[in-house]
Every structure is written in structure tokens, then in C-alpha cells.
Amino acid sequence: MDSTLLKRNKPHYISIDDSNHFTMFCDALYNLLAALLPQYNDELVIICIGTDRATGDSLGPLIGYKLLDLEFEKVHIYGNLDTPVHAKNLEDITVTVQNKHPHALVIAIDACLGTMQNVGSISIGEGSIKPGAGVQKELTPIGNLHITGIVNFSSFMNMVVLQNTRLSIVMRMADIISGGIRHCIFKYYEHK
């Protein structure tokens, strides 16, 4: 669901081709979690946005699928391959999260399109994202933190670009992000 960042607090950009990509991602995510989760009663909601109907937009559901077996009392995951969070149900999911987890820290995860030199980079930082902006959809901004994967370059035919994105880049990002989230959650909650 190609996203646009709404609040820019100098997000970290990590190339999946960097030999230290996993360590860099985990360091950035853990530092954010350690600083912010105590302010949110240590409750975490991860919203994995996208659809499996377009390769470039499947990053969120793939990550949600890879985290299905993660069982921590204060960690809640929305969006996966079977029950994706997308344009048609994002408002309902947002209301559900606000009602069920009103004081939780929310991480929004989505694919996005960017400049050619940033393709293959993962962005992580503070602030909301506005899903669907790259494909001219008006959706509610979401998240206290964001993780976006720049899966392809932006053009005047963004929907076509998303549908023709290579699955290999999306899977590599999904592996890094889901593995990093799992690592950081274990590290944070095991010390509680």
C-alpha cells in the first residue's frame, strides 16, 4: 500500500545489500522500543499493511505471516496473508486497535516506492505513515513508529510498478524485518 511518511525525525535507512543490515536494523528498532515502550505501558501493536494481490504491496502481509507464532502477552499483530490490512479495512482495524489497545505503541509496516538509489532500503523511525499515498488513495495516517520497505522506484504508473515488483526483494526485506522484530521483542521483553 505504498506509504508516505508524515513526520520525519531522520529515519534510519538500511540497505538490504549492506553486509550488516540485520544488526543495523535491530540496533535502530531496539533503541526506539527501549526509549518509547515504557511510555506506552510496554504494550506493542504491529500493523502490517498491504495485500498479496500485488507483489510490491505484499511486504506487510508477509511480515505478519512470519510473525504469526510470536506469543507475547503485550504484543499484538494485525495483518498477514490470510487476513491482510488494506485500503478497504484500514479504518476498521484502526478503530479496533484504538478500542482494544488505547495506550499501546503502534508500529505501522508497509511497502513504499521511492527514488532509484533507495530501492532495496528499509526505513525505520518515529512518526506515522499515510498508506496508499503513492497510488492516490486517501487513507488515515497510522503509527507512532514506521517501518517501510522501498520495494521499487516511483513513477507516474505506480500501481503497475507495484504489480511488477520482484518478489525476491520483497522476501529479503520481509525476512530482515520479521527477524529483526522477533529479535528485538525477545530482547526487550525477556529483560522485563
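In this predicted model, lysine 187 lies over the face of tyrosine 30. The distance from the ring centre is 4.2 Å.

Aromatic residues also pair with one another. The structure holds 3 aromatic pairs. In one of them, the ring centres of phenylalanine 72 and phenylalanine 186 are 5.1 Å apart. Their planes meet at 80°, so this pair is edge-to-face. The pair links distant parts of the chain. Phenylalanine 72 sits in the loop between α2 and β4 (75-78), whereas phenylalanine 186 belongs to helix α5. The two are 114 residues apart. Phenylalanine 72 has 17% relative accessibility and therefore counts as buried, the cut-off being under 20%. Phenylalanine 186, at 38%, counts as partly exposed.

Tyrosine 188 and tyrosine 189 form an aromatic pair that is likewise edge-to-face. Here the spacing is 5.1 Å centre to centre, with 85° between the planes. Tyrosine 188 is buried at 5% relative accessibility. Tyrosine 189 is also buried, with a relative accessible area of 13%. Phe72, Phe186, Tyr188 and Tyr189 form one aromatic cluster.

The sheet comes next. It is open and has 6 strands, in the order β2-β6-β8-β5-β3-β4. The pairing is mixed. β2 (12-15) and β4 are the edge strands, and each pairs on one side only. From one strand to the next, the twist averages 20°. β2 and β6 run antiparallel and are joined by 4 bridges. Isoleucine 14 stands opposite isoleucine 122 in β6.

Helices lie against these strands. α1 lies across β2, β3, β5, β6 and β8. Its direction is at about 15° to β6. α5 packs on the sheet as well, touching β3, β4, β5, β6 and β8. The direction of α5 makes about 165° with that of β8.

In soluble globular proteins, nonpolar side chains tend to be buried together. The largest core here has 43 residues. Leu44 and Ile181 touch the most other members. The largest share, 11 residues, comes from α5. What does isoleucine 181 touch, not counting residues up to four places away in sequence? The contacts are Phe25, Leu29, Ile46, Ile63, Leu67, Ile109 and Ile147.

The loop between α1 and β3 holds asparagine 41 and aspartate 42. Phi of asparagine 41 is near 55°, a positive value in a residue other than glycine. Phi of aspartate 42 is also positive, near 60°. Aspartate 42 is buried, with a relative accessible area of 16%.

Key
Residues are numbered from 1 along each chain as its sequence is written. This is a predicted model: local features need pLDDT of at least 70, side-chain atom pairs count only at pLDDT 80 or more; totals for chains, interfaces and linings use all residues. Side-chain values use heavy atoms; hydrogens and water are left out. A nonpolar core is a set of buried Ala, Val, Leu, Ile, Met, Phe, Trp, Tyr and Cys residues joined through side-chain atoms within 4.5 Å. Buried means under 20% relative accessible area, exposed over 50%, partly exposed in between (1.4 Å probe, protein chains only). Contact means heavy atoms within 4.5 Å. Rings of Phe, Tyr and Trp (its six-membered ring) pair if their centres lie within 6.5 Å; planes under 30 degrees apart count as stacked, over 60 as edge-to-face and the rest as tilted. A charge sits over a ring if NZ of Lys or CZ of Arg is within 6 Å of the ring centre and within 35 degrees of the ring normal. Two strands pair if DSSP finds at least two bridges between them. Axes are lines fitted to C-alpha atoms, for helices over the stretch in contact, and angles run from 0 to 180 degrees between N-to-C directions.
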